[in-house]
Amino acid sequence: MTAVGIDAIEVWTGNLKLDLPGTFAPQKGEDPEKYTKGLGLNASSFPDSYEDIVTMAANAAHRLMERKGLEPDDIGRIDVATESAFDNSKPVSTYVAGCLEQVFDGDFHHANKGERKFACIAGTQSLDDAYNWIKAGRNRGRAALVIATDTALYARGDAGEATQGAGAVAMLITEEPGLVELSTEQGYGSADETDFLKPNQQFPSVDGKRSVKVYLARMREALEDYESVAGDVHPDDLAFIPFHTPFPGMVRKAGLLGYRHITRDTAIEDDLAEEIGRQPRAEAFDDEESYHDALREYMDALKGTERYREWYAQTIDPTLEVSREVGNWYTGSVHLARTSALKHALEAGRDLAGETLLVGSYGSGAQAEIHAETVCDGWEAEIEALNVDEQLAARYDMSWADYEQIHDAHNHDMDVDVEEFTAPDAEFVFDGWGRMGERKYRYVD
Ligand code: CAA
C-alpha cells in the first residue's frame, strides 16, 4: 500500500510578541508564575497591522513551495483550516492562491480549494481530506497543500486573553512523504458541546473551565476508539505525543490522564504499585463520587513519581517548546506541537526514523481525534530547513500600550489605523479593501 503523509512543513509566526510574565501579568496584577508555571506560557505571537490569516498562510505556503522547488501545477488541492475566517462564502484558500500566483509562474486554476471548519481540529481534518484524496487515486500525481492559519484573539478582559496567539502552519501532503506517514487507523471522541464558540462574532464566547473538562473527556473517548482499531497503546512505544496545545498547562493534564489510561494493566502499573498503589477500578467502589476521589488521589501521586516525570519530560515536554513562546494557534497548534517535537529531536541528535508519534487533535464544540504517525527516513532534512528560532527572535516585543493598539486594530468592530511596528520583508501584506469588500494583498520584496 502506498504511504501517504506529510512531506514537508513550514511555519509562519505573527511578527509581534507579547511578553506574558513581563508585560501582561503586571498589568493584570497577577503573579508572573501563573503564566510561566501555571499556563506554561512565556509569550504570545500577534499579527502586525499589515498581517492577517491570509498573509500568514500565504507566507508559510510560499516558503514551503520555494524550498521544495514546486510550481502551482504540482498542487492539486489547497485546503485552509481556520476559525478566524472573515467571509462566509469566499474561502481563504482563494485569497492564498491569489497571493501565491503573484510570485510563481502559472496558476492554481485546476486545484480544488476549500475551507474547513471545526474549531481547532479543522487542520487535522484537512490533513484527512488530503490523505483520502490521494489514497482514492484522485490526485493525478499532484500534492495537496494544507494550511492551518488563525489569529486567536479574545475579548479584552476575557480569561482567554492570556492564551492568545497568531500564526500559520503549511503542510505538503504527498505519496511517499519525507517527514511522517499517517496511520489508516483513527479514533474519534465527538459530542455536541457548548464550551467555546463564535456565533457570527469575532471573539469567542468561552466557558474556560468547562472547555478544559470537555477537552479531556473527548480526548479520552478518542483514545479508546483508536485502541479499538489499532490495539492497546503502550507508553514505551511512542517517541512523542503532540497534543492540541491551547496552552501547555492543558497538555500537562492530558498527558497525565493519557499515561494513567495506557499504563493500566501493564507492568508499569505493577512497578508503580509499590510506591503509589494500583489504579482505582470503578467496580471496587459503591458510588461514583468515591471512585472519582480515589482517581484524583492516584493521579496526584502518579504525577510525582520519577517514572512519570521522566516519561513526560521525554515524550510530552518537547512538543511544547515552541507553543510556550507563541500561545494558541488554534488550527495550527497540534501541527506546531509535532514540529516542536521533531525540532527538539533534531537538536538532540536523536535518530527518529521508523519511530511513532501519537497525535491528539481537539476542536471545541467538540471533537478529539487520535491517529499515529511514523517518522520517515530523511526527516532531519525537512526539519533542518525550518527557521522557527529566527522568526521568533525577530518579533517586535510590544509594550502594554502597543498591545492595546494592535488588539484594537484587529478588532472588526473598531475602525482604528495603527502604524506598523515592523517593516515587512519578503512577505505578503494586507493592502486595503476592494470595491466589493474583498481584501487585497501584495508581495513586498
Ligand atoms: N503559580 C503557579 N501556578 C499558578 C499560579 C501561580 N502564581 N496562579 C495560577 N496558577 C495555575 C493554576 O493553578 C492553574 O493550573 P491548574 O489548572 O493546573 O490548577 C493555571 O495556573 C491557570 O490558572 P487559572 O485556572 O486560575 O486561570 P484562569 O481561570 O485565569 O484561566 C483558562 C484559565 C480558563 C483555561 C483560560 O485561560 C481560558 O479561558 N482559556 C481559553 C479556553 C481554553 O484555552 N481552553 C482549553 C481547552 S479548549 C481548547 O483546547 C480549544 C481552544 O484552543 C480554545
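## Aromatic pairs

There are 20 aromatic pairs in this structure; rings of Phe, Tyr and Trp (its six-membered ring) pair if their centres lie within 6.5 Å, with planes under 30 degrees apart called stacked, over 60 edge-to-face and the rest tilted. Take Phe 86 and Tyr 95, an edge-to-face pair with 5.5 Å centre to centre and 65° between the planes. Phe 86 is partly exposed because its relative accessibility is 27%, while Tyr 95 is buried at 8%. Here buried means under 20% relative accessible area, exposed over 50% and partly exposed in between (1.4 Å probe, protein chains only).

The model is predicted: local features need pLDDT of at least 70, side-chain atom pairs count only at pLDDT 80 or more, and totals for chains, interfaces and linings use all residues. Residues are numbered from 1 along each chain as its sequence is written, and side-chain values use heavy atoms, with hydrogens and water left out.

## Where α1 meets α2

Two packed helices are described by the angle between their axes and the distance between the axes. For helix α1 (residues 20–28) and helix α2 (residues 32–39), the axes come within 7 Å and cross at roughly 125°. The axes are lines fitted to C-alpha atoms, for helices over the stretch in contact, and angles run from 0 to 180 degrees between N-to-C directions. Helices (H or I, at least four residues) and strands (E, at least two) are DSSP runs, numbered from the N terminus.

On the α1 side, the contact uses Leu 20, Pro 21, Phe 24, Ala 25 and Lys 28, and α2 brings Pro 32, Tyr 35 and Thr 36. Contact means heavy atoms within 4.5 Å. By class, 6 residues are nonpolar, 1 is polar and 1 is charged; Ala, Val, Leu, Ile, Met, Phe, Trp, Tyr, Cys and Pro count as nonpolar, Asp, Glu, Lys and Arg as charged, and the others, Gly among them, as polar.

## Two buried residues

Thr 151 sits in strand β6 (residues 143–152) and is buried, with 17% relative accessibility. Not counting residues up to four places away in sequence, Thr 151 touches Pro 47, Ile 53, Met 56, Ser 84, Gly 165, Ala 166 and Tyr 330.

Tyr 131, in helix α5 (residues 122–135), is buried too, at 9% relative accessibility. Neighbours within four places aside, Tyr 131 is in contact with Val 4, Ile 173, Leu 182, Ser 183 and Thr 184.

Most residues other than glycine have a negative phi, and most peptide bonds are trans. Gly 365 and Ala 366, though, are joined by a cis peptide bond, with omega about 5°. Ala 366 is in the loop between β11 (356–363) and β12 (367–375).

Asn 200 has a positive phi of about 50°; this residue is in the loop between β9 (196–197) and β10 (205–206) and is exposed at 76%. Tyr 330 has a positive phi as well, near 45°, in the loop between α11 (323–326) and α12 (333–347), but Tyr 330 is buried, with a relative accessible area of 1%.
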